[in-house]
Amino acid sequence: MLSDREVTNTLNMLRNEHLDVRTVTLGVSLFDCVSHDLELFIANVQAKIARYASHLVPICNEIGAKYGIPVVNKRISVSPIAVVAAPFGPEGMVKVCKALDWAAKEAKVDFLGGYSALVEKGLANGDRALLESLPDALSQTERICSSINVASSRAGINMDAIALMGQQILGCAKASADKDGIACAKLVVFANIPQDVPFMAGAYLGVGEPDVVINVGVSGPGVVRKAIDRLLQRGTNDKGEPLSLLDMAEVIKRTAYKVTRVGEIIGTEVAQRLGLPFGVADLSLAPTPAVGDSVGEIFQSLGLSSIGAPGSTAVLAMLNDAVKKGGAFASSSVGGLSGAFIPVSEDSSIEDAAARGLLSMEKLEAMTSVCSVGLDMIAIPGDTPASSIAGIIADEMAIGMINHKTTAVRLIPVPGKKAGDVVSFGGLLGKATIMPVPQGDASRFIALGGRVPAPINSLKN
Amino acid sequence: MQKFTVSFLGRDCPGVVSTVSGLLNECGCNILAATQSLLLGEFAGIFITAVEEGLSREALQDSLERGLKKASLDLSLIVRPTCEGIWGEGEACAPFVVSADGIDGKGQIAGISRVFSRHGVNIESLRAFLGEEDEKRALFVFEIMVPASVDIGRLRRELACEGQTHGLRVSVQHRDIFEAVNRIESI
């Protein structure tokens, strides 16, 4: 028999604290679809995706209902298109992107990730074609997400790719200017990209992954915040002593354990029902614009006036680490990013801090050195030079490369908007106040190109 | 050997279990299974016992009642032959937890359990928490076994509908999720 506490705690998590499975992502390898003929390649890709994805949505809904936990998003990730579609030029790439979009619609998934290139050491023909195609591809499709890995701790930073991405991000914004540059929200630049991320826009299926696999992304910032609030309300720890940050870290860790268990049980069952292997559970505190589903609110519960206040980086470091510890104990299949996200427009509390000037690009950059992703969903002025965007990317990639961690940049230069203006992307993407970018000129540095060499692994200080 | 089910119900106090188990022993009962529960100071104990052939139910009841009187314990007693077999044995069933919460009112448990009965669903545990957050609020938790033949979607819809008529919000979840979240499996 379940205890009273087990029942009420679990019910509270589900009913009042926004616990959900944020995404079940079906990974599909496209390496066996390769062809020199574009039409044949597209037919192979669409057939393979349809073969495995046709039951994904109904089965996720059925299992979500069984456990009373909604599977909010069903998604697909595929092999890096720059590799599997390498023979085709930019126009061919756009056709592939549209074919993927059609396949995603047919499968009734909300996003398909993997329109990606891994260019940390150099650009092959397929990589260059994909990067050149980005403005057309992402503005002419609805459900396709793209990730470009431009740096790694083993290879260094590909500054040529970063320079090109600075231009292409502006190109994507211009191509979707009628929708406030929304195409940029589907494009992320990475350092050390994990190859099993289930979350968008960074999801793709890496080279070492199974042919088809189920990965799960669980979230739950609301659950973590409520757990902290309950502890604060109680006033003392289990031993009756006054609360300290050790107690806070402990409660975050335990909550992360619970949330990860939910993801694993649902992911395992979805995989079993589809007759596929289960890959990873990625526990990431991924906020939504809904009140009570915010990472920023956790900072307030832990005693800061808002995210961005002095102490924010320390709080985020503790939060990120406690989440990883709880997740790692809950499942041997933890992967992906597994940590805390700080996407500005998608989190009402973070956006509020940014709008009030309490959170700057510089502070966000500092915080990304200890969180699981990076500069995420930040709207910037539409007239930001490509070299400045490239410079921001280079800074963020350097943090990832030196610290052997994943970092990423998802900037949206909103055409026609200047710092302080407000833009609404709608839905889960939320709204954003345009944030000023750091002043100064990076154009000569970016124009140098080449590669920042990989860092030394000894003499660490 | 024959089996009798013996149940005791009454005010709880220290020594209740000692007295009733001692009485069963004195009456020649070997306790095969036992459970006890406390609810707002009321004690309930059920014992499955094995006794020698030839001891009638009436004689056992009479002996136990005399023993209780002698011990000055105000407990109600029922003795009946144990039924063989358990409901659902051999049938594929899945464990679910149904929780219903809202403003407390009359007929709520009856209404929800009527839906279970209609679908051939067995209630294995029922608990009511009254006035935990607000004195007018009630939370009912049913742990149920659902035969594989039952359409869980339809059961869920009918429970939601019944709950609505009583001002209750009903959720139906597989029991595994509660265990996964709260327990570490022993190895």
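Two strands pair if DSSP finds at least two bridges between them. I also noted that strands (E, at least two residues) and helices (H or I, at least four) are DSSP runs, numbered from the N terminus.

**Before looking.** This is a predicted model, where local features need pLDDT of at least 70, side-chain atom pairs count only at pLDDT 80 or more, and totals for chains, interfaces and linings use all residues. Residues are numbered from 1 along each chain as its sequence is written, while chains are lettered from A and ligands numbered from 1 in the order in which they are written.

**Entry 1, a sheet in chain B.** I began with strand 5 (residues 93-103) and strand 7 (residues 137-147) of chain B, which pair in the antiparallel sense over 11 bridges. Which residue stands opposite Val98(B) in strand 7 of chain B? I found Phe142(B) there. Helix 3 (residues 108-119) of chain B packs on the sheet and touches strand 5, strand 6, strand 7 and strand 8 of chain B. I counted a contact when C-beta atoms, placed from the backbone, lie within 7 Å. The direction of helix 3 makes about 15 degrees with that of strand 7 of chain B; axes are lines fitted to C-alpha atoms, for helices over the stretch in contact, and angles run from 0 to 180 degrees between N-to-C directions.

I then followed the strand order of this open sheet of 4 strands in chain B, and it reads 6-7-5-8, with antiparallel pairing. Strand 6 (122-130) and strand 8 (168-174) of chain B are the edge strands, each pairing on one side only.

The domain assignment, automatic or from a database, gives domain 1 (2-81) and domain 2 (93-181) of chain B.

I looked up the contacts next: 17 residues of chain B touch 15 residues of chain A. Which element of chain B gives the most to this side? Helix 5 of chain B does, with 6 residues.

Why is strand 10 (residues 375-381) of chain A largely enclosed by the rest of the structure? I saw that 6 of its 7 residues are buried, so the strand is largely enclosed. Buried here is 20 or more other C-beta atoms within 10 Å of a residue's own, with C-beta atoms placed from the backbone. Strand 10 pairs with strand 11 (residues 407-414) of chain A in the parallel sense, over 6 bridges. Within that pair, Ala379(A) has Ile412(A) as its bridge partner.

Conventions
Buried ≥ 20, exposed ≤ 12 C-beta atoms within 10 Å, placed from the backbone. Contact = placed C-beta atoms within 7 Å.
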